[in-house]
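The following briefing concerns a single protein model and is arranged by topic. Please consult the sequence and the three-dimensional view while reading.

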Amino acid sequence: MMESVVEEAKVSDKVIDREKTCPLLLRVFCNTGHHNIPDDYTNGQVPGNELQIYTWMDATLSEISRLVKEVNPDARRAGTMLDFSLVCPDGKRGYRLRTIGSTISAQKSPDDIRTLSQVRFTIGDYLDIAITPQSRVIPSRRGQRY
């Protein structure tokens, strides 16, 4: 009997020496309550709500959340969900958004430790973050990927 073995492709979790490695420019777009739509990223245009962060491929979603909270007061409130999507080119159709995880202010989340390299971020991609206050978070989805 012949068995088929399927291996998961693992992204290298190399340790990055942040003292010797040049950071990359991460372009982040935040909205309260919803994500930007893919059409906002077409024809060389981007949404106006841009935050530029210099970071490394081993940056975690939790680390990026902390940086967003420094400049966005709405994101600081306990229980606020930050839902991350990767915005990447989609061939001829422009861009597409792919959900990569979420963090919750003042709470632990399973996605806190996910890194840019683990979610297959490529230099030139964008991050789109929907910031949802606790009062608007659907309880069954809080802290869970969907």
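In helix α1, the residues Leu61, Glu63, Ile64, Ser65 and Val68 are buried, where buried means under 20% relative accessible area, exposed means over 50% and partly exposed lies in between (1.4 Å probe, protein chains only). These buried residues of α1 pack against β1, β2, β3, β4 and β5, contact being defined as heavy atoms within 4.5 Å. The model is predicted: local features need pLDDT of at least 70 and side-chain atom pairs count only at pLDDT 80 or more, whereas totals for chains, interfaces and linings use all residues. Residues are numbered from 1 along each chain as its sequence is written, and side-chain values use heavy atoms, with hydrogens and water left out.

**Helix and overall composition**

- The protein contains 1 helix and 5 strands; helices (H or I, at least four residues) and strands (E, at least two) are DSSP runs, numbered from the N terminus.
- From the N terminus on, the order of elements is β-β-α-β-β-β.
- Helix α1 (residues 61–71) lies across β1, β2, β3, β4 and β5 and runs at about 85 degrees to β4; axes are lines fitted to C-alpha atoms, for helices over the stretch in contact, and angles run from 0 to 180 degrees between N-to-C directions.
- Of the 146 residues of the protein, 40% count as buried.
- Among contacts between residues at least 6 apart in sequence, 69% join residues at least 24 apart.

**Sheet**

- An open sheet of 5 strands has the order β2-β1-β5-β3-β4, with mixed pairing; two strands pair if DSSP finds at least two bridges between them.
- The edge strands, each pairing on one side only, are β2 and β4 (95–104).
- On average, neighbouring strands of this sheet are turned by 30 degrees against each other, direction ignored.
- Strands β1 and β2 pair in the antiparallel sense over 6 bridges, and the bridge partner of Leu25 in β2 is Tyr54.
- Strand β3 (residues 81–89) is joined to β5 by 7 bridges, and the two run antiparallel; Asp83 stands opposite Ala130 in β5.
- In a regular strand the side chains alternate between the two faces of the sheet.
- In β2, Leu51, Ile53 and Thr55 form the covered face, while Glu50, Gln52 and Tyr54 form the uncovered one.

**Aromatic pairs**

- Rings of Phe, Tyr and Trp (its six-membered ring) pair if their centres lie within 6.5 Å; planes under 30 degrees apart count as stacked, over 60 as edge-to-face and the rest as tilted.
- By this rule there are 5 aromatic pairs.
- The ring centres of Phe29 and Tyr41 are 5.5 Å apart and their planes stand at 80 degrees, so this pair is edge-to-face.
- The pair links distant parts of the chain, 12 residues apart: Phe29 is in strand β1 (residues 24–32) and Tyr41 in the loop between β1 and β2 (50–55). Both Phe29 and Tyr41 are buried.
- Phe29 and Tyr126 also form an edge-to-face pair, because their ring centres are 5.5 Å apart and their planes are at 85 degrees.
- This pair joins Phe29 in strand β1 to Tyr126 in strand β5 (residues 126–132), 97 residues apart, and both Phe29 and Tyr126 are buried.
- Ring pairs link Phe29, Tyr41, Tyr95 and Tyr126 into a cluster.

**Cysteines**

- A search of the whole structure finds 0 disulfides, a disulfide being a pair of cysteine sulfur atoms within 2.5 Å.
- Cys30 counts as buried because its relative accessibility is 12%.
- Cys88 counts as buried at 9% relative accessibility.
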